[in-house]
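Open the model in your viewer and keep the selection tool ready. The stops below go from a pocket to a surface patch and then to a cavity.

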Amino acid sequence: MGEATTLKLLLFLGSLLLVQTKRGSGDSLSQNVTKLLNSLLDDYDKRLRPSYGSEPVEIGVTLFIVSISSISEVNMDFTLDFYFRQMWIDRRLSYSDIADEMIISSEMINSIWSPDTFFPDEKTAYFHTATSRNEFVRLRPKGNVLYSMRITVTASCPMDFRYFPLDRQICSLEVESFGYQTKDIFYKWAEGSLKSVGVSSKLSMPQFRLTDYRVREYQITLSTGNYSRLALDLLFVRSLGYYIIQVYVPTILIVHISWISFWLHRSVAPARVSLGITTVLTMTTLISSTNASLPKISYLKSIDVYLVTCFVMVFAALLEYACVFYLTNRCDKHHKKVKAKAKAKAEQDKRSADGHCRCEVFQTLLLQRRWMEDDSAVWRRRDSLVELSRSFSENATRHRVVGDTQQNSEGQRREEGPDHQGRRPGGSEPTPRRHGGSEPTPKRHRGSEPETIRLVRIPDAPQHEEPEVRCFCRIKSTDIDNYSRVIFPLVFACFNVVYWFTYLSIKEETLPAEYP
């Protein structure tokens, strides 16, 4: 029993001694690192760069793009959120007591030398500080320093909108030392041109796609000297879906709506005019809203070519009705003028025919009175001629009375015999004697034989047909609408084929070899 208790006590004392030993070793390690850092900074002058007076310091740079929040066409800039890492060697910070690298607080960066790196094309920039300042420093035994930070930069991006919205924009992010020349600092991409820049797989933008990027190293000469510079070129290709839905499709529909007026009758002026003005105003509003999101540039853009052409098509449809309306009014006036002339000529022909017929009738009556005598039958014949002349006067435009006097020869009268002596002209029966036989037989003068009257039908006055309304270049107003129904869609279809073939063929997805 006593032996068991003694064994347990020994085990407890051994474990306690082991814990104290480990705690002491940990404390001694931290004390050693603290002493090491203090010893490194004792004679350290952060005002001087490493290897001052000899070879330049080589600064290696890597980037990892987290997001691209916006690309503004109006301000011509883009906003980039990325991890920015710089690496250099400072022999004054080399150590050998600890083999592993040391991860220390970012406050250490304020105690050692660091390059004065800046972004030449930067507009605004800020460090992320939630929940603490997003940066760290790492030291390695040979004096290698790694300084990493998270930063958001809004940099300028000159854009060319000649092919907008079928355009591609190349935006560059440049890195340079603000004060050190190439004889002091030399920048380079730390892991080469392929691995020095990384892009997050979750990167997405509403209007653009990042299709390609490229890194460059070059020197720039300013008035204060030569400086080393790094550049990251990003190729952004605009997504066309938004503009197809919001601009191109509505524009095409507006142009098609303007063609409805070609199928409306030219007399429906309010409908055609209101339709034309509405489409013109709608196109004007669409052009203004599209250009509102772009800078006020002086050259012509791709979308301007399309919108202006569609505006011209819509305006031409309105002018087409103006031409139709003008030609219709002109032809109506010409038609009324021709009808008035035809009516006046018909009335003149009617009056001349009526006067000529009456003249011939009265001439016939005067001729007939030569051989009329006092006999009652003869006077009855005269009365019948007067009635006949009245009927001819009422139908003067359709009939003409022609008096044709035919004198019978004496031989013909002899052949007729005595039975025909008492007959009236025209084969009528002889006039009977009055009761009492007191009335003598009427005597005819020799050489005054009865004349026969022949009716001759005069052809009707010619009807003046209404002339076909072709008042301007032998084209009727309805022909303009018929031609427009074919010409306008054909021209618009040809324009669309040429437009899309031209601009889509020049759209590239990779950076040009000669850039910049």
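**Stop one: a pocket**

The second largest pocket has a volume of about 430 Å³. A pocket is an open set of points on a 1 Å grid over the protein atoms alone, with protein on both sides within 12 Å along at least five of seven lines; a cavity is a set where a 1.4 Å probe fits but cannot get out, and lining residues have an atom within 4 Å of a point. This is a predicted model, in which local features need pLDDT of at least 70 and side-chain atom pairs count only at pLDDT 80 or more, while totals for chains, interfaces and linings use all residues. Residues are numbered from 1 along each chain as its sequence is written, and side-chain values use heavy atoms, without hydrogens and water.

Select Glu58, Met87, Trp88, Ile89 and Asn144, which lie nearest the centre of this pocket among its 20 lining residues. Strand S1 (57-72) gives the largest share of the lining, 4 residues.

**Stop two: a surface patch**

Next select Ile244, Ile245, Val249 and Leu253, a nonpolar patch on the surface with about 350 Å² of accessible area together. Ile245 lies in helix H3 (residues 241-258). Buried or exposed, what is isoleucine 245? It counts as exposed because its relative accessibility is 59%, and exposed means over 50% (1.4 Å probe, protein chains only).

**Stop three: a cavity**

Finally, go to the second largest cavity, with a volume of about 40 Å³. Select its lining residues, including Ser258, Arg272 and Tyr321. Helix H4 (269-292) supplies the largest share, 4 residues.

Technical notes: Points joined across faces, edges and corners; volume = space filled by probe spheres on them. Helix = DSSP H or I, 4+ residues; strand = E, 2+ residues; numbered from the N terminus. Patch = residues over 30% accessible without salt bridge, like charges linked within 9 Å, V, L, I, M, F, W, Y side chains within 5 Å. Areas by Shrake-Rupley, 256 points an atom, 1.4 Å probe, with all protein chains shown as cover. Salt bridge = Lys/Arg side-chain N within 4 Å of Asp/Glu carboxyl O. Buried < 20%, exposed > 50% of the residue type's maximum accessible area, 1.4 Å probe, protein only.
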